[in-house]
Amino acid sequence: MAARIVLIGAGSAQFGLSTLTDIFGSQALRGSTIVLHDINPAALERIRKVGQQHIDSHQLPFALEATASRPEALQGADFCVISIEVGNRFVLWEQDWYIPLQYGIRQVYGENGGPGGLFHALRIVPSILDICADVQRYCPDAFVFNFSNPMSRICTTVGRKYPELRFVGLCHGIGSLDNDLPGMLGRPREAFEVVAGGLNHFSFLLEARDAATGRDVYPEIRAAAPSYFGGQREHALVLFLLEQFGHLPIVSDSHVGEYMQWAHDVVDHQGILSFYAWYKQYCADKVYVLGEISHERVVPIIEGIVGDTGQHELAVNVMNAGYIAELPNDIAVEVPATVDAAGAHPEALPTLPKGIAGLLRNQVAVHDLTAEAILTGSRHAALQALLVDPVVHSARAAEQTLETILARQSDHLSYLH
């Protein structure tokens, strides 16, 4: 089936080129029109040129369009994929990370959880809400997939503002299981059936079974994990959580560590700093060429909708509707799903272990007040979001951090009053 697929934020070499590569490799999507949209015309033209050259040189049956006009891009869209940032990504990210530290708030990163996650959400979610408003206007039946972070706070706020939108968040984090399980257990990934879930970047492997026999292989994982992760950076906290709570986080220290007040004492700080430096350089060095298939998760999901396949998807981020019984229904959760012509159908998780449920519940008020602050423009709600965050140790530090961020990032946060 030929579809109209709109990539919003396509001027990013990392997102635009990797997604184009996977779409061009799809047999199921042949004949489709891919529309590139970005607010940066020069970046947009670079991606369009590379993509069109690839189509022409390989005689591929795809049409490629590029436009800086979002209404033009969205007209008649079947699928919309969002991957955007607001402002200078790394400059602002470092402010989100280091300014709270200056006031003594011991956050281990600064992207999705803790104060940094709040500030990131306050900047980026209004722009994503604007995109969603245009989707409602120009292509209300489109399937919308989001890759932007902070995922849980984005999906929660969008779900409250536009509950009728077909909006699903996707994250690469679940892909770690494809490497880690074979590495730990010495058998191919296909040998295992797994169930994972929770909150984005705060998800846990809940069940792992032998695909042929149904035998529980979690005892093998618990036994093998210390030696497997022992020589790897960014897994000190992962191993601690596995030991104390009995279940494996599906992401590394920098991600899962953002949500716990004691994580600063446990994480591999050198590993986190090294990863951040590598990632920043990786983005700076990105070459504008189409490369190998990157296995972006959104393309198989689009194929599943187009082909009505009923395939299984390990993790989607959607508003809770009893999928995690221990959490309220007005926040977004990360759970498995099946995919068919009607979209992604989330699946309920088994009863969570009490310790895992407790860790996740500690984030409910944080996400709730983040959405409240954005939807109402309330500076007071933003401060409350800090004050209920388990990572924040001091009321005065919360006030000072918020005041400094509002001053430094006034171009993006002036809507808060």
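Leaving aside its neighbours within four places in sequence, which residues is Thr370 in contact with? Thr370 is in contact with Leu118, Ala121, Arg153 and Ala385, where contact means heavy atoms within 4.5 Å. The model shown here is predicted, so that local features need pLDDT of at least 70 and side-chain atom pairs count only at pLDDT 80 or more, whereas totals for chains, interfaces and linings use all residues. Residues are numbered from 1 along each chain as its sequence is written, and side-chain values use heavy atoms, with hydrogens and water left out.

**View 1. Overview of the protein chain, with 17 helices and twelve strands.**
Helices (H or I, at least four residues) and strands (E, at least two) are DSSP runs, numbered from the N terminus. The radius of gyration of the protein chain, 21 Å, is close to the 22 Å that the globule rule gives for 417 residues, so the chain is as compact as a globular protein of that length; the radius is taken over C-alpha atoms, and the globule rule is 2.2 Å times the number of residues to the power 0.38. Taken along the principal axes, the box filled by the C-alpha atoms is roughly 60 × 55 × 40 Å. Among contacts between residues at least 6 apart in sequence, 71% join residues at least 24 apart. Of the 417 residues, 56% count as buried, a class defined by under 20% relative accessible area, with exposed meaning over 50% and partly exposed in between (1.4 Å probe, protein chains only). The accessible surface comes to about 16,400 Å², and carbon and sulfur atoms account for 50% of that surface; these areas come from the Shrake-Rupley method with a 1.4 Å probe, and for residues only the protein chains shown count as cover. The mean positions of the 28 positive and 46 negative charges lie 3 Å apart, with Lys and Arg counted as positive, Asp and Glu as negative, and His and the chain ends not counted. Each charge is placed at NZ of Lys, CZ of Arg, CG of Asp or CD of Glu.

**View 2. The largest nonpolar core, around Phe145 and Leu205.**
A nonpolar core is a set of buried Ala, Val, Leu, Ile, Met, Phe, Trp, Tyr and Cys residues joined through side-chain atoms within 4.5 Å. The largest has 93 residues, and those with the most contacts inside it are Phe145 and Leu205. Not counting residues up to four places away in sequence, Phe145 touches Phe79, Cys80, Val81, Ile82, Val168, Leu170, Val298, Ile301, Ile302 and Ile305. A second, separate core of 51 residues includes Val35, Ala73, Ile82 and Leu386.

**View 3. Thr370 and His367 in helix H14.**
Helix H14 spans residues 364-376 and contains Thr370, which counts as buried at 0% relative accessibility. His367, placed in helix H14 as well, counts as buried at 2% relative accessibility. Residues up to four places away in sequence being left out, His367 touches Ser152, Arg153, Thr156 and Leu199; Arg153 is also among the residues in contact with Thr370.

**View 4. Backbone geometry at Pro150, His201 and Asp308.**
Asn149 and Pro150 are joined by a cis peptide bond, with omega about 0 degrees, and Pro150 has its place in the loop between strand E5 (143-146) and helix H6 (151-161). His201, although not a glycine, has a positive phi of about 65 degrees; His201 is found in the loop between strand E7 (192-199) and strand E8 (202-210), and is buried, with a relative accessible area of 4%. Asp308 likewise has a positive phi, near 50 degrees, in a residue other than glycine. Asp308 lies in the loop between helix H12 (298-307) and strand E10 (311-319), and counts as partly exposed at 48% relative accessibility.

**View 5. Ala398 in helix H16.**
Ala398 has its place in helix H16 (residues 395-408) and is buried, with a relative accessible area of 0%. Not counting residues up to four places away in sequence, Ala398 touches Ile105, Leu383, Leu386, Leu387 and Val392; of these, Leu386 is included in the second core. Ala398 and Val168 are 230 residues apart along the chain, and their C-alpha atoms are separated by 32 Å.

**View 6. Leu352 in the loop between strand E12 and helix H13.**
The loop that holds Leu352 runs between strand E12 (343-346) and helix H13 (354-361), and Leu352 counts as buried at 6% relative accessibility. Residues up to four places away in sequence being set aside, Leu352 touches Leu206, Ile324, Glu326, Ala357 and Leu360. Leu352 and Lys286, 66 residues apart in sequence, are 40 Å apart in space, C-alpha to C-alpha.
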